[in-house]
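Good morning, colleagues. Please turn to the model on the screen, and I shall take you through its backbone, its helix packing and its ligand site.

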Amino acid sequence: MTKILFTAFEAAPFVKTGGLGDVAGSLPAAVSSSVFDVRVVLPKLSAIPERYVKKMEFVTTFSVPLGWRNQYCGLFRLKHKGILYYFLDNEYYFKRDKVYGEFDDGERVAFFSKAVLEFILSAEEFIPDIIHCNDWHTALVPVLLREQYMKIPEFTRIKTVFTIHNLKFQGKFSKFVIGDICGLAKTPAAAQLLSDKHTANYLQGAVIYCDRITTVSPTYAEEIRMPYYGEGLDRLFNRRKDDLSGILNGIDYRVWNPAKDKKIPVNYDASTLAKKHENKLVLQKELGLEVKKEIPLFIIISRLTEQKGLDLVNYLLPKFQQRSMQLAVLGTGDKKYENTFLHYAGIDSKKFSATISFNNDLAHRMYAGADVLLMPSRFEPCGLTQMIAMRYGTLPLVRETGGLKDTVHVNNGFSFLTFNAQDMLYAVDCALDIWFNRKRRWRTMQKEAMAEDFSWKASAREYRKLYSELMT
Ligand code: ADP
């Protein structure tokens, strides 16, 4: 049996701030089988709901050497939906208001990475064959493993996989963390972790030290080898191209299922698609839009940041206003986008609506009630939103980048290539043309979209293949 230790800083349902939490919450269970024993190790963050904390079982304590410090670590264990989760406890580092964005994140994640390795020594007779790390928060694990734990015989055969969920965030700190916190001064890693004279880059360390690198879509794995997408590390990715691959994320089919979703007014599936518009009428009313089945309803459900291509949307809002269409936005983020959407909702409330909040229930109703989801991202490592939309028969209109390129094609949605408002408008006009003039084609596209397999099963198969390759 191959033993996998999966580690991340967040995992649903315990803590989730974004896509990483979704993946870490779903993938271990999907991969786990009679051949793969997958266990998950997480920080015991104060954001974990009390109902889970209460069920945790205390295992032991051990100390974690961190530079010149020796820090306490408590170990807790919880079996949840068939998967064994370990929680590493240190209230100084993890009892905080925020999951990320604390003044000492460089130290907090270094502690966690080091504690993951000490945990293997301390506990449970679980020496993994593979440690699967995710994003910059656990990027130091492969570095510390190679530099500080290779004298321990059991550790020499451990392989590491590092998955990049979003390269924009790399964990950059003052170079002093390398010696003072990581205890890596005078090791080869000291130079490898430096991204310039003054800056340590944790993610860069993982990319150099791990055995295999994955990203969350095949196209993004190609793109990050180019300067435009590489966030300063494209040359490094090219050097490691033989160890770099992309595996598309899945979505949770139990959560996102229009046939059973309790959060939507009317359930439907591909054979009862005619009922979908009843959700639209309820949604239009709820959002204060003109209630009319014939008007196509476009939606955006997103963090409102530059990454998501909202400059194109903002530029096109006057054009949208001239067209027979509606646009409803749900999201929070940069004020400039929030304010523009609010402005248009204010001047033309029959056509535009802006809900500036994070609202999961409303998101479900919007996926069910909409006709088109806009996602013109500048870059998109994978993107879940377009896959969820398709599951609800809502056609995505995307820019051909990253995971959007891998999931959307002419038969299940609309796309454009160049990051250019005219090209996007052309795609919108194509969608409008099919909506108004080729209704049967629209229905066929909806069915095609709903028939796509974006379940975790497909991704899990790929990860198992990767793990097996590492073991040979
Ligand atoms: P990213 O991880 O870059 O933010 P993804 O498309 O991978 O984007 O995942 C976004 C997820 O967050 C989706 O499940 C989407 O439904 C959800 N989401 C984004 N913004 C909101 C919001 N304002 N309210 C509710 N859900 C949201």
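**Backbone, helices and ligand shell**

Pro 13 has its place in the loop between strand 1 (2–7) and helix 1; helices (H or I, at least four residues) and strands (E, at least two) are DSSP runs, numbered from the N terminus. The peptide bond that leads from Ala 12 into Pro 13 is cis, with omega near 5°.

Before I continue, a word on the source: this is a predicted model, in which local features need pLDDT of at least 70 and side-chain atom pairs count only at pLDDT 80 or more, while totals for chains, interfaces and linings use all residues. Residues are numbered from 1 along each chain as its sequence is written, and side-chain values use heavy atoms, with hydrogens and water left out.

Phi of Asp 135 is near 60°, a positive value in a residue other than glycine.

I turn to helix packing. Helix 1 (residues 19–31) packs against helix 20 (residues 456–471) at an angle of about 70°, and their axes are 9 Å apart. Axes here are lines fitted to C-alpha atoms, for helices over the stretch in contact, and angles run from 0 to 180 degrees between N-to-C directions. Helix 1 is therefore roughly perpendicular to helix 20; that term covers 65 to 115 degrees, whereas under 35 counts as roughly parallel, over 145 as roughly antiparallel and the rest as oblique.

Helix 12 (residues 276–287) and helix 15 pack at about 130°, with axes 7 Å apart, and so they are oblique to each other.

Which residues come nearest to it? Of the 19 residues around the ligand, these are Arg 303, Lys 308, Ser 357, Tyr 367 and Thr 385; a residue is near if one of its heavy atoms lies within 4 Å.

Polar contacts are pairs of N or O atoms within 3.5 Å. An oxygen atom of the ligand lies 2.7 Å from an N or O atom in the side chain of Tyr 367, and an oxygen atom of the ligand is 2.6 Å from one in the side chain of Thr 385. The elements that give two or more residues to the shell are strand 13 (297–304), strand 14 (326–333), helix 15 (360–369) and helix 16 (385–391).

A nitrogen atom of the ligand is 3.0 Å from a polar backbone atom of Asn 359. Taken alone, the ligand exposes 570 Å², of which the protein buries 88%, by the Shrake-Rupley method with a 1.4 Å probe.

How values were computed:
A polar contact is a pair of N or O atoms within 3.5 Å; within protein, one must be able to donate a hydrogen and the other to accept it, and residues adjacent in sequence count only if both atoms are side-chain atoms.
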